[in-house]
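Subject: Handing over the model

Dear colleague,

I am passing on the structure that follows, and below it I have set out what was found. Please keep the picture open while you read, so that each part can be looked up as it comes.

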Amino acid sequence: MPRRVSAMEAVLTYLRGAIERGEYAIGEKLPSEAELCRRLAVSRPVLREALRALQTMGLTVSRTGKGTFVVSNGPVEDPTFGDYSASDLLEVRRHVEIPVAGYAAVRRTPEDLDHLSHLLERMEQESDTTAWVAMDTLFHLTIAQAAQNPVFRRVIEEIRDALARQSAFLNELGGRREQSNREHRAIVEALIDQSEHDAVEAMKDHLERVETTLTSIVRPHRTDPPMEGRNQT
């Protein structure tokens, strides 16, 4: 079944398309939030989420007190999440989190498994993106904790904010939540079985799917026609 498009995603698709088609030129200021909300019939929180996504993708910059300005109309291949680019995050995660999952499978305690299982159950029941994202980052921190090496946890702590931003981005625009839950469950099951190999493979699969979804969002695509008059909430 086709994935339902959220109001924020519809707004983002429209604005991104307008920028890429040249309707808003590089250096040009986007209409005010009030004007865009009126045109697109959406709430201000929905619009602001879409504007943040545009900035993450490198198409716009926000200047305090001045508004949002277009800085690129080309395809964006490497968005930035907080202080780090997506490519830098993925490179570090591949080199850290994949072996960490293996160590965690060997070294995890019953308490670690209880914590992870409880966290996973909450994530599978959660429908709010913000709450789910917070638990997602905690899940990866807990895996690092289960590896019984404080340096691993410190590394994940350092990129925690960027991971949360990336997670929210992928879930809002890529519909990743249910698939992520399945991938997380595969990791936990490997830890329960104390299978180093399965844990490594499960984490590797998880990160590969993150990269695939990210690529599908930021690569060039055909855009929808203007959405003025759509009833988006």
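Predicted model: local features only at pLDDT ≥ 70, side-chain atom pairs only at ≥ 80, totals over all residues.

How are H4 and H8 oriented to each other, roughly parallel or roughly perpendicular?

Helices H4 and H8

The axes of H4 and helix H8, the latter spanning residues 160-174, come within 11 Å and cross at roughly 110°. Angles of 65 to 115 degrees count as roughly perpendicular, and H4 and H8 are therefore roughly perpendicular to each other. Their crossing is left-handed, and the residues that meet there are Ala86, Leu89 and Arg93 on the side of H4, with Ala162, Leu163 and Gln166 on the side of H8. Sorted by class, this contact of H4 with H8 holds four nonpolar residues, one polar and one charged.

Helices H4 and H10

Helix H4, which covers residues 86-107, also packs against helix H10, residues 196-218, at an angle of about 160° and with the two axes 7 Å apart. Because angles over 145 degrees count as roughly antiparallel, that angle makes H4 roughly antiparallel to H10. The crossing of this pair is right-handed. On H4 the contact involves residues including Ala86, Leu90, Arg93, Glu97 and Ile98, and on H10 it involves residues including Ala199, Met203, His206, Leu207 and Glu211. The residues of the contact of H4 with H10 divide into 12 nonpolar, two polar and six charged.

Helices H5 and H9

In another pair, helix H5 (residues 110-125) and helix H9 (residues 177-192) have axes that come within 10 Å and cross at roughly 160°. That makes H5 roughly antiparallel to H9, and H5 passes H9 in a left-handed crossing. Leu113, Leu116, Ser117, Leu120, Met123 and Glu124 of H5 meet Asn181, His184, Arg185, Val188, Leu191 and Ile192 of H9. By class, the contact of H5 with H9 comprises seven nonpolar, three polar and two charged residues.

Strand E1, at residues 60-63, pairs with strand E2, at residues 67-70, in the antiparallel sense over four bridges. If you follow the pairing residue by residue, you will find Ser62 opposite Thr68 in E2, and Arg63 opposite Gly67 in E2. Three residues lie between the strands of this hairpin, and in it Gly65 takes a positive phi near 80°.

Gly82 is found in the loop between strand E3 (80-81) and strand E4 (84-85). Is Gly82 buried or partly exposed? Its relative accessible area is 33%, so Gly82 is partly exposed. Leaving out residues up to four places away in sequence, Gly82 touches Asp161 and Arg165. Although Gly82 and Ala164 are 82 residues apart along the chain, their C-alpha atoms are separated by 9.4 Å.

Conventions. Residues numbered from 1 in each chain as written. Heavy atoms only, no water. Pairing = 2+ DSSP bridges. Helix = DSSP H or I, 4+ residues; strand = E, 2+ residues; numbered from the N terminus. Axes fitted to C-alpha atoms, helices over the stretch in contact; angles between N-to-C directions. Parallel < 35°, antiparallel > 145°, perpendicular 65-115°, else oblique. Left-handed = near helix turned anticlockwise from the far one by under 90°. Contact = heavy atoms within 4.5 Å. Nonpolar A, V, L, I, M, F, W, Y, C, P; charged D, E, K, R; others polar. Buried < 20%, exposed > 50% of the residue type's maximum accessible area, 1.4 Å probe, protein only.
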